[in-house]
Amino acid sequence: MRRDRLILATTLMVVFTADLYFVLLPKLQDFRQGRGPRCVCDRENGSLPGQGGLASPWLSNGTGYYYPQEGAATAAAAEGDPEDGGGSKLGRLFAHPLYNIQSPTLGPEERLLEAEQLIDYYKKKVSRWERHMKLYNEAAAASNITVTKHEVTFDPEVSWLKYHLGINRYSLYSRDDPAVGQLLHDMQALTIISADYTQDEKALKGVCDCEQVVKPSGHHLKLALKMKDFGKAMFKPMRQQRDEVTSEDVFYFVDFQRHNAEIAAFHLDRILDFRRVPPVVGRLVNITEEVLYATHNQDLRSVFFTSPANNTCFFAKCLYACKTEYAVCGQPDMLEGSLSTYLPGLSLAPRVSVPSPWIRSYTFDGRKDWEVNPFYCDTIKQMYPYNSGSRLLNIIDMSIFDFLMGNMDRHHYELFTKFGDDGFLLHFDNARGFGRPSEDVMSILAPLSQCCMIKRSTLLRLRLLSRARYRLSDVMRESLTGDALRPVLTEPHLLALDRRLQRVLDTVDSCVRELGEEQVVTTDFARSTDPPWAATEAGKGAER
């Protein structure tokens with residue numbers, strides 16, 4: 001009897017030891033390294049059920065052809081490596097196969113602009129600028145006014161021109177376009193030769209009534225700056241400090257615009273691999289030398305003044321605000337702000353502005369149909385242009401982008417007319433994001449939660465960014481350290497990104513449970529089953 005008990009105890013001990021060594025110990029190691037339990041089908045490996053992981057992605061881009069990713073096997077092999085706790089998470093992210101998918105070869109119809117057309121257009125603009133400046137300098141000399149003279153140097157190889165030429169049917173820039181990095185550097189470093197109000201603010205002059213303005217905060221104060229290389233950027237000055245949180249009593253349509261939100265939005269858009277936000281960079285601007293002395297607009301000159309603290313300030317003249325108390329001031333002349341590069345002019349690249357189907361009421365007590373009708377999307381799906389193509393899916397992409405930032409102010413969207421109904425949506429004007437890090441406004445996600453649709457490529461990248469190895473807050477923090485105005489976001493805003501990302505994934509999971517994956521996840525991204533070289537590769541395998 002004792003011998004049987006001893007044998008049983010020994011057997012149980014061996015089984016327990018094997019279980020501890022081969023099962024429990026690996027799970028504990030995974031847990032300590034932040035990878036969680038291993039699973040071949042859940043969010044941890046960034047794949048969908050039946051997708052087979054992310055090792056060999058292919059992209060159709062609506063062309064009917066699939067493009068293989070070279071080196072995908074190497075990158076996929078790295079997926080199984082334990083997190084080393086060091087190195088660049090951002091670098092690992094951009095090295096992932098999902099961020100290295102080859103796009104189709106771009107023909108004239110896939111490119112927004114032709115080089116010869118663009119260069120001729122800007123040569124004429126430079127000549128017009130030089131004639132204008134000659135007349136301006138002569139008039140200033142006759143009036144004994146000293147003006148700073150700047151020579152414009154136009155070069156077909158400048159970064160902003162290359163950026164414009166790189167805009168195509170699929171995005172504003174390619175993943176590996178060196179012109180974008182150079183453009184960010186140039187906007188931050190080049191001499192500013194001219195400053196003016198933006199065209200949309202000029203359009204309001206003479207028609208706004210300061211007594212009727214509901215939005216007295218001056219939140220739309222922005223300028224158009226021209227650089228020495230003839231590139232243009234929109235300057236949005238700092239209106240509040242990084243750690244200031246928008247009051248809960250403030251409506252989204254009277255909130256301040258935040259320059260750091262514009263900067264962070266560009267980095268977030270790039271990390272999500274949308275590439276639909278024009279490049280944005282932070283810069284310290286001397287508003288006396290680089291704005292007041294550089295402007296030829298007398299209306300802009302007239303709104304500069306010196307504050308009691310001896311700081312140089314300026315405000316918008318009957319452009320959303322009419323009073324000096326809404327001015328922005330330098331310290332004493334230096335003022336930080338965001339610089340967003342301009343898109344090609346409308347005469348070159350026409351754009352259409354469309355009201356969002358999920359537009360908010362912009363009144364103190366009004367509500368729109370989508371806010372009260374949970375089946376609102378069923379109606380939208382029957383309407384042109386949302387009843388076919390990718391327009392609705394692109395709006396859902398935008399809603400996810402806005403939700404991660406907390407941006408409630410997406411009343412319109414724009415797209416290039418050349419690319420038709422399936423063109424990508426421009427994700428610009430993001431200055432009302434990153435206002436309240438503690439609040440997740442779920443109504444921003446209404447397009448996703450009501451339509452229960454999402455692109456497979458978007459979902460896979462979101463799941464990837466939810467993993468510890470590529471955590472969204474970490475890659476955003478790392479990306480933003482490259483900006484001159486770092487830190488761009490405070491820690492609460494960075495951590496809010498992870499929380500909101502999880503809520504997006506939870507919303508998708510809820511839709512899948514209700515409708516099934518095939519109804520929710522749209523395949524814009526697939527593994528080729530029969531590429532052109534399949535027969536050749538099969539023959540080689542048979543010979544082996």
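Contact here means heavy atoms within 4.5 Å, and helices (H or I, at least four residues) and strands (E, at least two) are DSSP runs numbered from the N terminus. The model is predicted, so that local features need pLDDT of at least 70 and side-chain atom pairs count only at pLDDT 80 or more, while totals for chains, interfaces and linings use all residues. Residues are numbered from 1 along each chain as its sequence is written, and side-chain values use heavy atoms, with hydrogens and water left out.

**Helix 16**

Helix 16 (residues 472-480) is largely enclosed by the rest of the structure, because seven of its nine residues are buried, where buried means under 20% relative accessible area, exposed over 50% and partly exposed in between (1.4 Å probe, protein chains only). Among the elements covering these buried residues are helix 8 (259-271) and helix 17 (491-515).

The residues through which helix 8 and helix 16 meet are set out below.

| Helix | Residues in contact |
|---|---|
| Helix 8 | Ile263, Ala264, His267, Leu268, Arg270, Ile271 |
| Helix 16 | Leu472, Val475, Met476, Ser479, Leu480 |

**Asp333**

Asp333 lies in the loop between strand 7 (328-329) and strand 8 (334-341), and Asp333 is partly exposed, with a relative accessible area of 23%. Leaving aside residues up to four places away in sequence, Asp333 touches Val285, Asn286, Ile287, Thr288 and Thr312. The side chains of Asp333 and Thr288 are joined by a polar contact of 2.4 Å, a term for a pair of N or O atoms within 3.5 Å of which, within protein, one must be able to donate a hydrogen and the other to accept it, residues adjacent in sequence counting only if both atoms are side-chain atoms.
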